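Subject: Structure for you to look at

Dear colleague,

I am passing on a structure that I would like you to open beside this message. Please take your time with it, and read the notes below with the viewer at hand.

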Amino acid sequence: MNILIIYAHPNPKSFNHAILNRTKEKYEKDGDTVIIRDLYEINFNPVLSAKDFIAIQNGNDRQDVLTEQMYIEEADRIIFIFPNWWYGMPAILKGYVDRVFSFGFAYTDDENGDSVGLLIDKKAIFISTSGATIEELEEQGTLESFKTTIEKGIFNFCGIEVLDHIAFGNVRKVSQEKLDSLLDVLDQRLK
C-alpha cells in the first residue's frame, strides 16, 4: 500500500514528531511504501494567491501544487499528523488544503451543478494532538467540530473516506513515560 503522510508541526522534538516516526516505522514494517511531506521542511507556501486563482482558471496549477497533487494521486491512504491549535489545524496545513485540494482535482460539479468528490479511491486517518485533555475537547465540542469541518466539510466532500481520527490530549503536561504509552496506543489504533 502507498502511504502518504502530511505532517504539520515545526518542532522536530515535539510529540507530533514522535508520532510521525512511529507511524512511518509501523507502515514500513508492514511492507508499505511511505512518503512524508513535512510542510515546514519543504517550506510549503500556504497562501492561496491571485496567481493561484488565475492558474486554476486557465487549467494550469502552480508547480508546487502539481507536485503535491501527484503525491495524493499515488497514495492509497493519506495520514495527516498535526497539532490542534486554536481549535483547528495549523495555518500551513489549512493553506495546503486550500491550494492542493482544488476544484478540478479534488472535486468538481456535475451536470446539475452539485459538487462531486473526485478522490473517491482515497482513505484518510487524522492524528492530532492538543494541550487540552480529551475530556476538555469533548466538553467544548472540539472533536465534534473537527468531524464536521475537517472530516466531513473537507475530506468527505472531496470523496475521501475517513477511517479514523486519533486524538491525543494533554500532551504538554505529561511525562515521557506517558507519552511513550500513548505511542503504544497509536500502534494499536493504526492496526
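What follows is a walk through the aromatic pairs, the salt bridges and the surface patches. Please keep in mind throughout that this is a predicted model.

Let me begin with the aromatic rings, where a pair is described by the distance of the centres and the angle of the planes. In this structure the count comes to 10 aromatic pairs. One of them is formed by F15 and F168, which sit edge-to-face, with 5.8 Å from centre to centre and 80 degrees between the planes. Because F15 belongs to helix α1 (residues 15–29) and F168 to strand β7 (residues 161–168), this pair ties together parts that are 153 residues apart in sequence. Both F15 and F168 are buried.

Another edge-to-face pair joins F101 and F155, with centres 5.4 Å apart and 90 degrees between the planes. Here F101 lies in the loop between α4 (91–100) and β4 (107–109), while F155 lies in helix α6 (residues 142–156), so the parts that this pair ties together are 54 residues apart in sequence.

The next topic is charge. A search of the whole structure finds 11 salt bridges, and one of them brings together the side chains of D187 and R22, at 2.6 Å from N to O. This pair links distant parts of the chain, with D187 in helix α7 (residues 176–190) and R22 in helix α1, 165 residues apart.

A further salt bridge is made by the side chains of K26 and D30, with 2.2 Å from N to O.

Since D64 lies in helix α3 (residues 63–74) and R99 in helix α4, the pair ties together parts that are 35 residues apart in sequence. D64 is partly exposed, with a relative accessible area of 29%, while R99, at 3% relative accessibility, counts as buried. These two residues also belong to a network of salt bridges that links D52, R62, D64 and R99.

Which residues make the nonpolar surface patch of about 420 Å²? The patch is made by Y40, W85 and W86, and W86 has its place in the loop between β3 (77–83) and α4. With a relative accessible area of 83%, W86 is exposed, because exposed means over 50%. There is also a patch of negative charge on the surface, in which E135, E136, E138 and E139 gather. Of these, E138 lies in helix α5 (residues 134–140), and its relative accessibility of 52% makes E138 count as exposed.

Key:
Residues are numbered from 1 along each chain as its sequence is written. This is a predicted model: local features need pLDDT of at least 70, side-chain atom pairs count only at pLDDT 80 or more; totals for chains, interfaces and linings use all residues. Side-chain values use heavy atoms; hydrogens and water are left out. Patches are made of residues with over 30% relative accessible area and no salt bridge: like charges are joined within 9 Å, nonpolar side chains (Val, Leu, Ile, Met, Phe, Trp, Tyr) within 5 Å. Accessible areas come from the Shrake-Rupley method with a 1.4 Å probe; for residues, only the protein chains shown count as cover. A salt bridge is a side-chain nitrogen of Lys or Arg within 4 Å of a carboxyl oxygen of Asp or Glu. Lys and Arg count as positive and Asp and Glu as negative; His and the chain ends are not counted. The place of a charge is taken as NZ of Lys, CZ of Arg, CG of Asp or CD of Glu. Helices (H or I, at least four residues) and strands (E, at least two) are DSSP runs, numbered from the N terminus. Buried means under 20% relative accessible area, exposed over 50%, partly exposed in between (1.4 Å probe, protein chains only). Rings of Phe, Tyr and Trp (its six-membered ring) pair if their centres lie within 6.5 Å; planes under 30 degrees apart count as stacked, over 60 as edge-to-face and the rest as tilted.
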